[in-house]
Amino acid sequence: MILRISILSRQLYLLALLSLLTLSFLIHSSQAQNTPDSAPNPIVPAEPELDAPEEMVGIIELVDDSASQVLTLLEQMTDKIILRHQSLPTIKITFDSRGPLTKREAVLAIESLLTLNGVMLTDMGGRFMKAVPATNVNTHVPQMLAGSTLQMAPSQQIYAKLFRLDYLNAESAGAPLVQNLVSGTSNIIPFPKSNALLVTDALINLQRIETVINEADRPQAVRETIKFVKLNYVQAPNMQSRIESLIQGPLRSYLEGNTSVTADERSNQLIVITHPGNLDIILEVIESVDVDAAALTSSEVFPLRQAKAQEVVPIINEIIEGQRKGREENAQTTRENQRDAILGGGGNEGQTAQGQTTPTPTATSPASGASEANSSLQFSNFVGLSADERTNAIVAYGTQQDLKTLRELIEKIDIPLQQVVIEAIITEVNLTENQASGLSSFGFQYVGGTNIFSGINIQGAGIATVPEQTSIDLNKPSDFNLGLVIESAAGDSNVRILSTPRIVVSHAEEGVINVSQSRPIITGSTSSGISENLNTRSTIEFRDIGIRLKVTPLIGADGTVQMEIEQTVENVVSTTRIDGNEQPIIGKREATSTISVKDGQIIILGGLQENSATDSNNYWPLLGRLPGIGSFFGGDSQDFRRTELIIFIRPTILSNPAIADAISSDYVGKARESEAIKEYLETGSTSDIYMEGSRFEKKEKPAEGPSENSRPGPRSHRR
């Protein structure tokens, strides 16, 4: 039998709707007043009550029926009034039951067809139901279900239910779990503060969600045990390292993944988290290792031969402090991670599908080291050191491994630094009006094609020998000996040698060449007494005024020398009176250069020029001093003078004592007093070298025998 049902007109629905809404409101108001507050919320039935639900309705056949036609069919079967939303989707439903159905089966089939095509049904209570689009079902306030849904008959009607969770975290664990069970058009809203989930979906899906939550939202079964082990002799990080090496080594198949060991350095304890069956073997290992052995720390004195103890100690202390801070940060991170793992991370982090927590193995901290090789590079918390300036030694204490590491560090630091001999000639050149630079006074003529300075005029001053060549090849700097005094061209008296210093400076140390005079400068005055008899007392300080050269060499591994050179030239250019005291006006010229040269190459520094004026008067003797006519026999004049400071510098690296001895021997051999210097170096005395030819020279007296005619002199002359 094929059942076909006609569609009621919309006018009849409007009249029925108004009357039934009024009746429903009155009924619910009366029930609300008569229901006590303590009465439990009744379970709302999932399906509308049907008259004779098992009655056969025959075969249902739908062919391209619209949503409105299907809803009308459902109204006739359930005796319900279905309110339709204006935005219901335009659909065509085709269905063939292929056999007779009961009224209950027919209603379930029609509801499922509507849900599959985007039309959701919600029960409004009484005789009213509501049909809304599935895309925004939450906005139509579906009816809330209280209590369990498992006792209801399955249905495709839309309801909302609040699931309260006791153990699962609603936001991090509950929502992802439920998301896989709801339909695509449903909605899940987590409430973190109340740890609950509000789910809107078909009743049949809500029943599935409730079943899953009942199984998952249970207290976690703790399979591991936590044990705090106090250590008496071994440091907790070292013990942690040993046990973790066993976990990653021979006991890997038993302990890996379910055992975690954390060291608490403050209390020197181990926190062991493992399965109860593994605890005995771990405790046995700890008891066997934590025994009284040799002293944990000892002391040692490291004497230094090259470096200064007070400079080496801060360097090593920085390394120790850096490692200590790293251990503290890693220990803090490990403790926080372990605490989160023990407490479940504030929710259900680390849970498995069965709701159980798997302990996270603790990462090995740098303090303990992953292996014996790594731990040997770390200082323990017992290490300490101090500098003894009197003996230039480092007093250290710590474990044997600490002292071994300190010994290796000190041996690498306490090494002799390379030294460099810096030879310099400081000259001052009087410039003529046509000279732009004082280098021309030395006869320098640069030949670019051959890379040679030619035309240099050199003569010896305090040197035994003078080279014959008059040119210097820049590629052979050894041809130019700075032991020779450079002069200007023949007959040129405008070049003046101010100083020829020679110093030895260590790598990265500052060398100073100071050619100056100390002059008193008034820095303050103090007056006392009354105005008629005022006493003034001045405070002075001596200041070096002259030439100051600072050189800081850096010796490279390839034989180059990088020098930072600071030149400062000060001189008194004039005077002035301040509070009755004549004070000098100091002119200052300075320059800073950074130059890299090869071993033995020569640097020429110039450009520090000065202009000065000198007032003078010339007159005839006697006549120039006569008043009135003296100006005819004399006059005043002003001379202008321009000078330039030119400095020659050559660094020579003393890579070994043999080079230093060769340089010294060469310098001594070319000196005029070579013989006297050599004898003094060999014997410690110049003997009679400086007395030869003088009246103090010892002369040998001829031997004389007693004479017959000789008589003793007066008694007063005898001795």
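**Exercise 1. Determine which elements supply at least two residues each of the nonpolar patch, and classify Leu 343.**

Step 1. Strand 12 (225-230) and helix 9 (309-343) each contribute at least two residues to the nonpolar patch. Helices (H or I, at least four residues) and strands (E, at least two) are DSSP runs, numbered from the N terminus.

Step 2. The patch lies on the surface and is formed by Ile 226, Phe 228, Ile 342 and Leu 343, with about 410 Å² of accessible area together. Patch residues have over 30% relative accessible area and no salt bridge, and nonpolar side chains (Val, Leu, Ile, Met, Phe, Trp, Tyr) are joined within 5 Å. A salt bridge places a side-chain nitrogen of Lys or Arg within 4 Å of a carboxyl oxygen of Asp or Glu. Areas follow the Shrake-Rupley method with a 1.4 Å probe.

Step 3. Leu 343 lies in helix 9. Its relative accessible area is 62%, and Leu 343 is therefore exposed (buried means under 20%, exposed over 50%, partly exposed in between).

The model is predicted: local features need pLDDT of at least 70, side-chain atom pairs count only at pLDDT 80 or more, and totals for chains, interfaces and linings use all residues. Residues are numbered from 1 along each chain as its sequence is written, and side-chain values use heavy atoms, without hydrogens and water.

**Exercise 2. Identify the buried residues of helix 5 and what covers them.**

Step 1. Helix 5 comprises residues 203-216.

Step 2. Its buried residues are Leu 203, Asn 205, Leu 206, Gln 207, Ile 209, Glu 210 and Ile 213.

Step 3. Their cover includes strand 8 (144-145), strand 9 (158-164), helix 4 (170-179) and strand 11 (196-202), where contact means heavy atoms within 4.5 Å.

**Exercise 3. Describe the surroundings and pairing of strand 18.**

Step 1. In strand 18 (residues 419-431), eleven of the 13 residues are buried, so the strand is largely enclosed by the rest of the structure.

Step 2. Strand 18 pairs with strand 25 in the antiparallel sense over five bridges; pairing requires that DSSP finds at least two bridges between two strands. Ile 422 stands opposite Ile 503 of strand 25.

Step 3. Strand 18 also pairs with strand 24 (residues 495-499), in the antiparallel sense over four bridges. Here Val 429 has Val 495 as its bridge partner.

**Exercise 4. Locate Ala 508 and state its phi and accessibility.**

Step 1. Ala 508 is in the loop between strand 25 (502-506) and strand 26 (511-529).

Step 2. Its phi is near 65°, a positive value in a residue other than glycine.

Step 3. With 41% relative accessibility, Ala 508 counts as partly exposed.

Definitions and conventions: Patch = residues over 30% accessible without salt bridge, like charges linked within 9 Å, V, L, I, M, F, W, Y side chains within 5 Å. Buried < 20%, exposed > 50% of the residue type's maximum accessible area, 1.4 Å probe, protein only. Expected span 1.5 Å × (residues − 1).
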